[in-house]
Every structure is written in structure tokens, then in C-alpha cells.
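Here is a short report on one protein chain. Please keep the sequence and the 3D view open while reading.

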Amino acid sequence: MTTRVRFAPSPTGYLHIGSARTALFNYLYARNTGGKFLLRIEDTDLARSTEESTRSILEGLEWLGFAPDEEIVFQSNNADKHRATALKLLEEGKAYRDFTPKVAPSDANVKDAIKERARANQGEKNMRDNPYRELSKDESDAKAAAGEPFAIRLKVAETGKTAFEDQVYGLQERDYAETEDLVLLRSDGHPLYNLAVVCDDIEMEITHVIRGQDHLTNTHKQILIYEALGISPPTFAHLPLIMAPNKGKLSKRKHGEVVSMTTYRDAGFLAAAFRNFLAFLGWSASEEQEIYSLEELVQKFSLEGIHRSNAVFNFSPDDPRKWTDDKAQWMNAEYIRTMPLAGLMPFIKAELKAAKLWRDEYEDDDKAWFEKTIDLIRQRFFTLKDFSSQGRSYFSEDFDFDPAAVAKNLTKFPDLKNWLPELADRFESEFAKLDYTEENIESVVKAFTEEKGTKLGVIMNGARTLLTGTAVGPSMLSIFEVIGLDRTLMRLRSQVAWNL
RNA sequence: GUCCGGUUCGUCUAGGGGUUAGGACACCGCCCUUUCACGGCGGCAACACGGGUUCAAAUCCCGUACCGGAUACCA
């Protein structure tokens with residue numbers, strides 16, 4: 001039997017980090033076992049589901065590279081089947097009509113209200129005390145025929161327990177007394193989550209349900225539905241949750257964009273790096289390796305390696321440098337500076353194009369120069385964005401000067417205002433006969449420095465700021481070479497930075 | 001409240017009866033250097049607590065504390 005797993009987000013917001021990790025684990029498991037990875041949009045809550053959310057989730061998944069192996073299933077399209085299933089259960093006496101009038105859901109804090117109600121019960125609530133539970137079929141039919149609205153609830157047995165062997169958390173048992181007669185169909189005929197999930201998982205022939213552990217109690221309810229239907233449930237694996245730095249819930253409302261996948265795409269993260277980072281939130285291969293390609297992840301992945309404890313997604317909103325998890329940032333930088341250049345190029349091309357810095361010569365006549373330049377500057381870059389921001393001076397004359405760099409490397413040494421244009425003249429004459437190579441540049445600059453009776457650093461850093469606008473970067477000799485003689489002369493002679 | 005889970009450096013984690021409790025990120029220091037955010041070397045830093053079992057417990061058992069999840073005619 002080939003494994004079939006599904007990622008089943010509800011479109012009530014963008015793809016957040018927890019969902020992305022769930023998608024990743026499902027994807028890895030499918031690939032590892034040679035199975036299918038499916039996608040189902042759980043849009044049965046019409047009030048909260050939006051097309052925009054669906055789009056955003058799809059975008060996030062696309063960025064991460066998790067394309068479903070079969071057509072996307074929209075749960076709302078199956079409502080009729082779900083309803084029919086509920087009716088069948090009712091017919092068989094495994095479910096019953098509940099004529100209790102629907103209580104209007106309390107406004108804002110539904111969650112708090114529920115907790116409050118549960119607490120008030122002191123855990124003493126009898127889950128089987130519904131007055132309509134034992135209503136005779138005739139009476140029930142009569143009331144329904146008279147047009148009285150009703151919900152359909154599953155008739156959970158008085159005694160017994162549900163049990164399943166979770167692939168992560170081990171044997172899970174729950175006494176029936178802890179499980180209410182859950183509603184299958186709302187009084188307006190709308191099928192509810194647990195029913196819909198079971199029906200769809202059966203229809204999609206899902207063999208393994210891999211989802212967050214916040215669904216642990218739902219699983220018991222769903223097993224009850226499987227049993228009522230006489231179908232054996234799939235294998236379950238529940239995942240630990242990803243928490244905020246204070247170990248509280250990581251939410252869109254509280255934490256904002258930092259939890260959205262598109263944020264990382266837009267911030268210049270490489271999907272490969274982010275996947276790698278995500279993989280180690282709640283799972284490990286039990287090795288000391290940190291960097292894994294997708295192929296390696298697929299090969300190493302196993303349900304046994306999944307943890308039982310929650311993981312913290314670490315970030316500090318008040319520190320711009322740590323706006324997101326340190327390790328994610330490090331991972332991205334690591335990918336940028338170490339991945340094969342050929343694999344990185346398409347992303348850089350896209351980034352430069354978006355910033356209007358791209359020229360077709362970069363993959364044609366200037367290919368060698370371009371690759372050398374990229375390889376040089378990527379060593380200190382963290383995101384794709386850096387190529388168009390910090391790296392701008394390599395591709396355009398229109399770049400900004402960092403005021404701090406100007407102060408530190410230029411205005412602090414007024415002599416440079418004359419020396420640097422002079423250096424340009426020297427370059428022009430010397431390199432008329434010499435090759436413009438690092439070695440030759442070094443000796444020319446050194447000779448010039450000695451003549452002026454100053455330190456090499458003063459000249460080099462002054463030139464650095466004039467050539468790149470910054471105070472940091474690769475070796476200055478490499479910069480001279482990569483910027484090229486013509487542009488070097490022009491920039492050394494430019495007075496723009498001096499007049500800021 | 002009740003049910004269910006969890007607890008190894010600040011964070012991600014390895015280990016799972018005998019280890020100097022390992023790695024990574026972050027942080028700090030030194031080195032390299034014309035600068036630096038690269039690189040090299042080094043440092044700081046953890047088994048929640050209390051009992052029990054055992055020659056030996058971070059590891060097994062029990063309890064406590066704390067954290068999390070669930071408890072809907074939401075998903």
C-alpha cells in the first residue's frame with residue numbers, strides 16, 4: 001500500500017510557520033515512503049474562509065516547493081457527501097437529532113467562554129445527558145417532520161474508550177466519558193469539521209494523518225466516527241507545536257508578519273534554507289550535521305525522529321537584527337555563501353531584475369565577471385535582498401553612501417579629497433602599461449601611500465567608501481579589480497560623497 | 001475545573017543506567033585583515049524539583065511544580 005498523506009490548512013489567514021512545518025513533514029514523509037502528498041483546503045467555515053487566504057497559502061506552499069501530487073481538494077465541494085454520511089449514521093441509529101435550540105455563539109472571546117463554561121462544570125459534566133439522545137425514532141421523526149430545527153450528534157457509547165497508537169506520542173487513550181456527543185451536522189445542515197475530515201480522509205484514501213498535536217482530542221472524536229462508519233482509521237502522527245519566545249501561542253494577531261511564510265520569501269530568504277530551518281523545529285536526524293539538502297531531508301526523515309516537546313521560534317520584536325529566529329537567519333546566510341553558484345544564480349537574477357539592476361550581459365559576455373563578483377560579495381550577505389541593496393554599487397552607478405562610512409573613512413581625513421583623485425590619475429598612468437590585477441594594484445597603492453606618508457588603511461578605506469558607499473565588504477584589492485579600472489577612476493574622482 | 005501532553009545551555013537540539021553531558025545559533029574574547037557582517041581558535045552556558053529503584057540515575061518509577069494543548073451547532 002502506498003502512503004497517502006495530506007496537508008489540510010483552513011484558509012483563515014496566510015500560511016504561517018506552524019502550518020508550513022506541518023506541510024514540510026507531510027511532504028518529507030510522502031517522499032521518504034514513495035507515497036503521495038495531497039492538499040486539501042478546509043474551507044467549511046464559510047464565515048471565516050477567504051479566497052485571499054487560500055491564495056496566500058498556495059503561494060507559500062509554492063515558494064516552499066511543495067506541489068501536491070494530485071488535484072487540490074476543496075472541502076466545501078464535498079458538503080453533500082458529508083451531509084449524506086451524517087444522515088446515514090442517523091438512519092442507522094448511530095447518531096441522533098438534537099432539538100436543543102442553538103445557542104448563539106458568544107461574540108469575541110469564544111475560547112474564553114468555552115473555558116469558562118467547562119470550568120463551571122468542574123469537570124463533572126455528564127456527556128450523555130442530552131434529553132433528545134434517547135428519544136424514540138417516531139418522536140424524533142415527528143418533530144423533524146413538524147419542521148423543528150435539529151443538529152445531528154454522534155451517539156457515543158456510555159462506557160468504553162477510544163484508543164490509538166500515535167506514531168509520535170505513543171498509545172493514546174480517552175474514556176468515552178470525556179468525549180461529548182459531538183455535532184456532525186449543524187441545525188442549518190452545515191457539516192462540521194470532524195465529520196468533514198473523516199469523510200474526506202476516507203475518500204482521499206489517506207493512510208497517515210500528520211498534523212499538530214492540538215488535534216489530539218479531535219483524533220479521538222474522529223476515531224469514533226470511523227468506528228460508527230465501520231472503517232478502520234488511518235495511522236496518526238501528531239506534531240509538537242511551535243511556540244512564541246515566551247512559550248505562548250504563536251499568532252498572527254500578536255506576532256504579525258514574522259509568522260507568515262510570504263514574509264520570508266519577500267525578505268530574500270531561500271526556500272531551501274527556510275525548509276532546512278523548519279525541519280529542525282520538532283524533528284532531528286540525530287546527527288551533528290546542520291545543513292541538509294531537500295534530498296537528504298527526504299532520505300533521513302522518519303516519524304521516530306519527531307519530538308514530543310514543543311519548540312520555540314525565537315525572535316525579538318524590539319531588536320531589528322533579531323526580527324526573526326537567529327538560526328533561520330544564519331541558515332539563510334550559510335546557504336547564500338556556500339551553495340553552488342549555479343543554484344544561486346536564478347535567485348540573484350530575479351532579485352536584480354526586480355531592482356532593475358539586471359543586464360543580460362551578466363549571463364553572456366560578462367558572465368565570468370558576474371560570477372566572480374557574486375562569489376566575492378556573497379560571502380558577507382544574509383539575504384537575497386543584500387545583492388540589490390548592499391551590493392548595488394557593483395551593478396550600478398546609482399548607489400547611496402552610508403553617512404557613517406563617509407564620516408569614518410572620508411571626512412575624517414580631509415587630505416583624501418585630493419589624494420583619491422590623485423590616486424585615480426596614478427592608476428590611469430600606471431595601468432596604461434600594467435595589467436589591472438590585484439597584485440599590481442597592491443604595489444601601486446602601496447607606493448602611493450608611502451609617498452603621501454600615510455597609512456595603507458586610510459587610502460584603502462577611503463577608496464572603499466568612494467567605490468562602494470560602505471565601510472564594509474570584501475578585500476579592497478578584489479573590489480578594485482571587480483569594479484574595473486574605468487569605474488574605479490570615475491568613482492575616485494567623484495566629489496559626490498564629499499558634498500553630502 | 002477536567003482530560004491529554006511536555007520539561008537537557010538564552011534558542012534549536014544530541015545522548016537515554018557509568019559521558020570531562022556533545023553540536024549548532026546567539027553572545028563574549030583572541031587571531032587574520034586596509035574595513036567588516038567572512039574565516040580560524042577559544043570562552044560563557046543546561047539535565048525543573050523531591051522521593052524511590054540501583055553498586056551507579058540526566059537517563060527507569062512515583063509525586064510535585066511549571067509550561068502547553070484540548071474541552072464549540074470553529075477549524
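## Basis

This is a predicted model, in which local features need pLDDT of at least 70, side-chain atom pairs count only at pLDDT 80 or more, and totals for chains, interfaces and linings use all residues. Residues are numbered from 1 along each chain as its sequence is written, chains are lettered from A and ligands numbered from 1 in the order in which they are written, and side-chain values use heavy atoms, with hydrogens and water left out.

## Overall form

Chain A contains 21 helices and 12 strands. Both are DSSP runs numbered from the N terminus: helices are H or I with at least four residues, strands are E with at least two.

The radius of gyration of chain A is 32 Å, whereas a compact globule of 500 residues would have one near 23 Å. The radius is taken over C-alpha atoms, and the globule rule is 2.2 Å times the number of residues to the power 0.38. The C-alpha trace of chain A spans about 110 × 45 × 35 Å along its principal axes.

## Contacts, surface and charge

Of the chain A contacts between residues at least 6 apart in sequence, 76% join residues at least 24 apart. A contact means heavy atoms within 4.5 Å.

Of the 500 residues in chain A, 49% are buried. Buried means under 20% relative accessible area, exposed over 50%, and partly exposed in between (1.4 Å probe, protein chains only).

Chain A carries 65 positive and 79 negative charges, and their mean positions are 3 Å apart. Lys and Arg count as positive, Asp and Glu as negative; His and the chain ends are not counted. Each charge is placed at NZ of Lys, CZ of Arg, CG of Asp or CD of Glu.

## Nonpolar cores

The largest nonpolar core has 109 residues. Those with the most contacts inside it are Ile17, Phe274, Phe313, Phe387, Phe427 and Phe480. Helix H1 (residues 17-32) gives the most to this core, nine residues. A second, separate core has 28 residues, including Ala95, Ile152, Leu185 and Leu224. A nonpolar core is a set of buried Ala, Val, Leu, Ile, Met, Phe, Trp, Tyr and Cys residues joined through side-chain atoms within 4.5 Å.

Leaving out residues up to four places away in sequence, Ile17 touches Ile242, Leu250, Val259, Met261, Phe274, Phe277, Leu278, Leu281 and Phe313.

Ser56 lies in helix H2 (residues 51-64). Ser56 counts as buried because its relative accessible area is 15%. Beyond residues up to four places away in sequence, Ser56 touches Tyr14, Leu15 and Thr262.

Leu294 belongs to helix H11 (residues 294-300). Its relative accessibility is 18%, so Leu294 counts as buried. With residues up to four places away in sequence not counted, Leu294 touches Tyr27, Leu28 and Arg275. Leu294 and Arg491 are 197 residues apart in sequence and 44 Å apart in space, C-alpha to C-alpha.

## Positive phi in two lysines

Lys247 is not a glycine, yet its phi is positive at about 70°. Lys247 sits in the loop between strand S11 (242-243) and helix H8 (252-255). Lys247 counts as exposed because its relative accessibility is 62%.

Lys356 also has a positive phi, near 60°, without being a glycine. Lys356 is in the loop between helix H13 (341-354) and helix H14 (367-377). Its relative accessibility is 75%, so Lys356 counts as exposed.
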